[in-house]
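Hello,

Here is the structure I promised to pass on to you. My notes follow just below it.

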Amino acid sequence: MLTVLHTLANVAGLVGKPSTTPTSVPANSNARIQEALSNLSVIRKIILVENLPESQEQIALRHLDQLLDQLSVNALAQLSSSQVQEVASSLIASSSSASSAAELTQILTTVRSYVKTTTTVTTTKTVTKVTQDDDNDSLTGSEGPSSAVTVVDELDQLTLSLRSNLSIGIQNEAEAVQLTSGNLAVEHVAYALSDLVFVYPSTSAHSYLGQSSENWSKAGLSNATGSALAPQVLKMSTRTNAASAVHGAVTSAASKNSSISTLASSAAIVTMVPNLYQIAQANTPVVFHVAAESVDSDLNVLRGDYSDVLVARETGLLYLASNSVQEAYDVSILAHAVASGTRQSVIHILDGVKTSHQVEAIKTVRDQDAAAFIRQEQQKYTLSHDEGSLVSGIEDIFEHAESLLGRRYRAFEYTGPKDAETVVVVFGPAYNVAKDLGDKVGVLNIRLYRPWSFSHFLKAIPTSAKSVVVVEPVSSTSAHGPVFLDVSASFNLWTGAHRPIVVDAKYGLFGHSLTQGWLKALVHQATATAGKLDLAAIVATEEPAQSDVKQAIFWETESSAPVSAHVAKHLQSALGHRIQHSSAVNSYRHQPVIETRLQFSKSNSIVFAESAQADYALVHDLSLLAEFNIVDSLKHGAVLVLNAPWSVEELESKTSAAFRFALGAKQIQVLLIDLIHVAKELGLAGAGKVLLGQVTFFKTFASNLREAAFEQLDRQYETSNIKVLKDLVCTLVERVDKEVIEVPQNPNWLAIELGEADQAALALPKRVSPTIRSSVDAFTSTAVSHATPVPEEGEVALGKTSNWHQAAWQLLFSEAYDTKKQLSDDGHSYLVKITENRRLTPTTYDRNVFHLEFDTTNTGLKYEIGDALGIHGWNDTEEVLDFIKFYGEKPETIVVAPRPVPKNAPEGTLPLYQTNSLFQVLQQTSDLFGRPSKRFYADLIPFAANEAEKERLAFLISAEGAAEFKDRVDETLTHADILREFPSAHPSIPQLIAMIPAIKPRHYSIASSMKAHPNSVHLLIVAVEWTAPSGKARFGQCTRYLTSLGVGDNVTVSIKPSVMTLPPLPHQPVIMAGLGTGMAPFRAFIQERAWQKAQGIEVGPMILYFGSRNRANEYLYGEELEAYHADGLLTHLRLAFSRDQKEKIYIQHKMNEDGALLHKYLLDSSLNGHFYLCGPTWPAGDVKDAIVQSFMDGEDCAAIDANRIVNKLKEEERYVLEVY
C-alpha cells in the first residue's frame, strides 16, 4: 500500500495531463497530487469500512496497489465522487475472486474510460506535434507543419506522459528486488513499523528524511502495526531543546505500548542532546533515523562528517550505522528490532549526503514479516545491560534477522586476511571504498558503535595486527576523534604479543576525495610514516576496473531533461540490470550543474565502486567543458557524446588544446549530436525530450543493449495512442542514427604542445563538488534553488514593507494590536546609559584604548566575575542614509518582519512581528557593512538582471574565482559594496533583509566587580582600525560605534558567561598574565579581592604579569595597579614593556624570573593556585613553556612530565586561557 504514496510523492513534474484540462482537474501539479491523494484516501476508507474478512480486505488493498501502478496521477485526480465509489465497489467485489487478473483489467479499462469521457479531444488529420504544457511535464497534440510521424489511427491526437509508476519506492512484497533511495528505504521501514513518527527536517536541503512520510500520513495510509488508523506523522522545528515533544510522547501513559520513530538530520541531533538523556531513561524506546550531513564555511557539502550526530554518543542511546541503500533498509529494521528487544532507544545513522539520495535496486521483505520479527524479539527480552552481554544480545538479534533479511550483520565486521598486519577500522561511508587496500590489509567495519564492547572489538582484530588505522567521519583536526579514542582504549586490554600502533585519520574534510584509490593511498601513508598523516597531500592510486560493471556519466544542468533517471529505471525494470544512480549538484554558478553517475550490471553479487572510471559520458551543456576535466573521468577507449551543433571541423576549432590532447591520450570515441535541433524540428518538449534522451543513450552506448531497450521503451509512457507512440520511438531511433556524427581519431592530438594555460585546464576538477544551495530529488535530476527558505506552516518567511499609517495604528490602538515597545532581544538584553567614555592612551598615540562605564541602575542586569558584556552596536548613520539613497528607498519606509522565536520557546511557538523604519533596520539590525559570505553572492545571482553581472557573480564563487574571492575578503568588502558593484542585482527590501545576517553583539571582558560597583559595569576596549590592501581605511563596526558615543547615550547590552572565574576559595593564589586590553578581567579580579579584603575576608596572594608596548603610552590603569601593589593586595606586580629598552622584554621573560614562585603557588597542595592568561594568542606557547620550566626545575622532572602536570591543571580548571 505504501507504493501509492511513494508514487505520488515523487511524481510531481513527471506526469502529464490532457491537452485540454477539465475545470475539475487542478492545473497545478501539486494540486493534482492532492486531489489524487484525496480520491485514494476515499477509496481506501470505503474498503476498510466494508468490514470484509481480513484476508479479503488485504486482497482488495493489494488490488488497489496493482491498479494504481497502471494509472497516472491525472487519471486518479479526475475521478468524480461517484466514480471513486464505483472503483472502490469493484475492488471489493474483486477480493472474493480466486482469479483477479480479468477483474483488474476490467476495472482499469473502466477508469480509463472515465478519463477519456472528461477529456476534450481535438482531431487533426495530418501529423502529431508533441509539445510541453503549463506544468512542463506532458506531451500534447496540435496542428503544425509536416513531420516524419503520420497519424493513421482513428484518434489522431497523441497525449503522452510518463507513467506514474516510474517513481521509486518499496512495495509490500516478499523477497522483492525494488528500486528505491536511501531516504525512502528508511522512511518506509519507520512508517511501516511505527504508530507515531516525528520529523525534524534539515534546514539546508529541499528534500529531507521524512518528507514522504508526511504525505503518506495525510493520505491515511495504514501500516504493518495492526492499527486501523494511519500512523501520525508530526513535522517539528529544528531548534534549541528539540525533541521535547518526543520526550513527552515516551513518558506519556498513552504511549506505553506504542512504537515511536524520529526522522531527523544530524543538525537536529545537536539540539536534542538534553532531551536524549531523558529519553534514554524512558520505558518506551525510540528509534532515531538520522541522515548525517554537514557543510563547510563556504556551504560546500562535507560527505563523511558525522561530528553532529556523534555529540549524543554519551547519552545512553545505542548507535547503529548503515553505509548503502540496502544496508539503510536492513539496519532500519534491525534498529526497530534492537529497540524492542533491549528496551533501549537507538540512533541509526546513514550518509545523508550520498546514500540518502542514491537510488539502487535492493531486496526487501513484507512489512508484516518485519513487524512479526520485531514482536518476536520483544517477547524474548531477557538482556543484561552490561556492555559485553548487551552487545552479545544485540548480535543474537542480528543472527535471528538473517533468515528474514538474507544477510548477516555483526557489531564489528571484519573482512580480509587472517594474518593481516594492518587493520583499517572504518565507520561511516568510508566502508564503501575500503576494498583491496593492499597485501595483508584487513578492514573492520563498525556496525554497532554504542555500546562499545572492548571484548567484541578485540575479538574481531587479527592477533597478527601491527598497526591499526582508524578512518572516522569527523572534520575536527584539533583533537583525536571519538572513534580513535574508543579504539585506543580497547587496546589497553590487548593480549597479543605486540600492541599495534593506532593511527587517527579523520576524513570529514576530505569526503569529496573518498575513493578506493584515495583510501588505499591514505593507508600506505599511515603505515609508511608511522602515523604522521597529511591528508591534503594524498594522491589517489589508480583504481582497478570492474569488468562486470558499466558506468555512464550524465553531465546535465537544471534545464536539461531528466534523462539519467529514466534510463536507470528502464535498465532495472525492463532489462533486468542492477543499478546505482547518484547525483551531485553544484549551484555556485548561474545555472546549477548536475553530475549523475549511473552504474549497472547483470551480476547480483557485484559491489559498485564509488568513483571507478566510466565507459560513457553524455554532456548536455558544452560550457561544462571549460569547468571540468570530463575526460579524466573516462576509461581508455570510452564513448563521449556531446550535445553540440558542431561538425568535426568545428570540434577542432571550438575546443581547447588540452581537451583534444586528453581525448587523444585516452583514445576517446567522440560522438556529436544536436539534440536541441532534433527536439525542435520534431516538436518535442517535456516527456518527449526525455524519450529522445533515452533513445540517444541506448543508441550510442552499446549495441548489446539496443534491441531489447527499444522493444520495451514505450512501456515507460502512458498514451492515448500506443501505435503512434511506437511509431515515434522508431522515428527517434532512425533520426538519432542519422544525426550522430562520429569523430575520427586524430593522431595530431597527441602531438599538441601544451602551454601553461593548457596544463591548468588538465588540472580542472573531474567531479562536481556538491553544495548546500540545491538538492536533487531522486529521479527528477532537478536542482531546486533556495534563494528563499521554505517557510513552516503558519510562518511568514520574509518581512514586508508598509507605510507609516500601519505603525501609527499599532501605537494608537496598542491593546487591539497587542503592541509592546521593547528591545529586539528583550529576554536577554538590557538598555544601559554611558556615564564615562575616557581615552586611556595619549591622543598623539596611534592606538585608541578607552575606558567605558555604564549605569545599570534599575535595569536588572547582573554579572559575575569573568563575564563578558555583549555590545549590540549600530552601523554609521551617514553610511546607512547614503546606502538607502543609492538603493532608491526612503528611510521612513516601514518594515514589518517576524522576530526570531526564542530558543527556549515551546515547539510550535509562532513568531511575533516587529515594526521598524527601514533606517532603523539597516542601522541597528542588519550587518549591512559586514563581510559577505559566498552564500550572499550566490543568493544575488537570481536577482541579477544583467547577464554580465550574473556571470561575474557566478565566477567569483566558483573554483576558478577562488583567488579573487580571497582578495575581496582581504579587502574587507561589505554587503553594501557588493550591492553597489552589481546594481542590477536588486532584491526587494524584505528579500535583502532576509539575505543579510543580523549584526552580532561584540563581547568584551568586563573590567569591574559588581560587588565593588553594584550599579555599574566597566569595559576596556581598543578601537579596531586598519588599512585595506587598496589603501582604504577600515574600522571595526562595534568599536567605531562606541567611540562615537558620549555620556548619557543609551546602549543595548547582554551578558555572556566566561571561563575566567576566580578560585573557589579566597585564600588560593591568583596568577594573572594580561597583554594590553587582556588586562580587563584582571582588573575585575583585583576589585573583587579588594572588596573581600574590605569585608574582613583573608585573601591569598595575587601576581599580575602585565605586558604592552611601552609604559608612557600603554600602562593601562597604571595608577590603580600601583596603589593596589602598595596596599599589598597585589602581592607581585611584574611589568613587561617590550619597546622601552633595546632588547624586547615580554611577560614570559618575567615569568621565567619567578620560576620558584610559580611552582610554589601552583603545585603546593596547601595553596592550589590558579593561573590565567588573557590577550592575543601568540604568547600562549611561550607562557606555557615558562610554567613548564618552573615545574621541571621545582619538581626535577622531564619536560614530558611537566607538560602532563600542566594538562592536569587544565582538567582541574586551574590553568585557564582566554585568547583571541
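In which helix does Tyr-1161 lie? Tyr-1161 belongs to helix α40, residues 1155-1163 (helices are DSSP runs of H or I with at least four residues, strands are E runs of at least two, and both are numbered from the N terminus).

Before going further, a word on the source: this is a predicted model, in which local features need pLDDT of at least 70 and side-chain atom pairs count only at pLDDT 80 or more, while totals for chains, interfaces and linings use all residues. Residues are numbered from 1 along each chain as its sequence is written, and side-chain values use heavy atoms, with hydrogens and water left out.

Back to Tyr-1161, which is buried at a relative accessible area of 9% (buried is under 20%, exposed over 50% and partly exposed in between, with a 1.4 Å probe and protein chains only). Setting aside residues up to four places away in sequence, Tyr-1161 touches Pro-1069, Ile-1071, Pro-1101, Ile-1103, His-1132, Leu-1167, Asn-1168 and Gly-1169 (contact means heavy atoms within 4.5 Å). Its C-alpha atom is 9.9 Å from that of Met-1102, 59 residues apart along the chain.

Arg-1214 sits in the loop between α42 (1199-1211) and β43 (1215-1219). Arg-1214 is also buried, with a relative accessible area of 10%. A polar atom of the Arg-1214 side chain lies 2.3 Å from the backbone oxygen of Leu-1162. Beyond neighbours within four places in sequence, the contacts of Arg-1214 include Asn-1168, Gly-1169, His-1170 and Phe-1171.

Finally, the cores. The largest nonpolar core has 89 residues, and Tyr-200, Met-272, Phe-288, Phe-457 and Val-487 have the most contacts inside it (such a core is a set of buried Ala, Val, Leu, Ile, Met, Phe, Trp, Tyr and Cys residues joined through side-chain atoms within 4.5 Å). Helix α12 (residues 325-342) gives this core its largest share, 9 residues. A second, separate core of 36 residues includes Leu-179, Val-359, Leu-682 and Leu-684.

Happy exploring, and best wishes

Terms used: A polar contact is a pair of N or O atoms within 3.5 Å; within protein, one must be able to donate a hydrogen and the other to accept it, and residues adjacent in sequence count only if both atoms are side-chain atoms.
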